Amino acid sequence: MRSTTLRFAATAALAALISLQAAQAQAAKSCITRTEMRGMVAYFLPTLLDSTITTCKAHLPGDSYLIARAPGLLERLNAGKDQAWPHAKAAFMKFGGSKGSTTKVLDAMPDEVIRPFIEAAITAELGPKVKPENCADIDRLTATLEPLPASNMVDMFAEILNLVAREDKKLSSCPAA
């Protein structure tokens, strides 16, 4: 009787361990890694900055940072965009986690087709969130970041997004390593 109970307990423990490992593997597959998050930020930050400049142009003086100097920052950020694309794409594909058929269709598209599609989707989603009444604040914040190299700026935003995304159901970042 004791050996049967022991075998049952061992089997239950093994089943729980296998189940836990499967759950961890699934979580690792669906969460966005630190590298993917950085790639996503490096890829989309120039698009968002460009959209912000466009929105704020009519609401800021000509000598404001966003109007006068942010185009130089935009150029620096754009320099890393192509290199960031594979990681940004991987992160973006994880958004479709529950919509496997949509992800498969997007994943099958050539990059030269999917890149503008994804950029337009991100711009359409986040662009309207920049309100004219916030342009002066965004101008000051962006000017404060000017001395940072583009890679440090991307790293900073990626780490902030990693922290925020750990609690987000849609944009789930992987646990810190």
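## Disulfide between C31 and C174

In this predicted model, C31 and C174 form a disulfide with their sulfur atoms 1.9 Å apart. The link of C31 and C174 is right-handed, with 90° about the S-S bond. It connects distant parts of the chain: C31 lies in the loop between helix 1 (2-30) and helix 2, C174 lies in the segment after helix 9 (150-165), and the two are 143 residues apart. Both C31 and C174 are buried.

## Disulfide between C56 and C135

C56 is joined to C135 by a disulfide, with an S to S distance of 2.0 Å. The link of C56 and C135 is left-handed, with -80° about the S-S bond. This pair also links distant parts of the chain, with C56 in helix 2 and C135 in helix 8 (residues 135-145), 79 residues apart. C56 and C135 are each buried.

## Overall pairing

A search of the whole structure finds 2 disulfides. When the bonded cysteines of the chain are numbered in sequence order, the pairing is 1-4, 2-3.

## Packing of helix 2 against helix 4

Helix 2 (residues 34-56) packs with helix 4 (residues 70-78) at an angle of about 160°, and their axes are 9 Å apart. Helix 2 is therefore roughly antiparallel to helix 4. The crossing of these two helices is left-handed.

On the helix 2 side, A42, L45, P46, L49, D50 and I53 meet A70, P71, L73, L74, L77 and N78 in helix 4. By class, this contact has 10 nonpolar, 1 polar and 1 charged residues.

Notes:
Residues are numbered from 1 along each chain as its sequence is written. This is a predicted model: local features need pLDDT of at least 70, side-chain atom pairs count only at pLDDT 80 or more; totals for chains, interfaces and linings use all residues. Side-chain values use heavy atoms; hydrogens and water are left out. Axes are lines fitted to C-alpha atoms, for helices over the stretch in contact, and angles run from 0 to 180 degrees between N-to-C directions. Helices (H or I, at least four residues) and strands (E, at least two) are DSSP runs, numbered from the N terminus. Angles under 35 degrees count as roughly parallel, over 145 as roughly antiparallel, 65 to 115 as roughly perpendicular and the rest as oblique. A crossing is left-handed if the near helix is turned anticlockwise from the far one by less than a right angle, and right-handed if clockwise. Contact means heavy atoms within 4.5 Å. Ala, Val, Leu, Ile, Met, Phe, Trp, Tyr, Cys and Pro count as nonpolar, Asp, Glu, Lys and Arg as charged, and the others, Gly among them, as polar. A disulfide is a pair of cysteine sulfur atoms within 2.5 Å. Buried means under 20% relative accessible area, exposed over 50%, partly exposed in between (1.4 Å probe, protein chains only).
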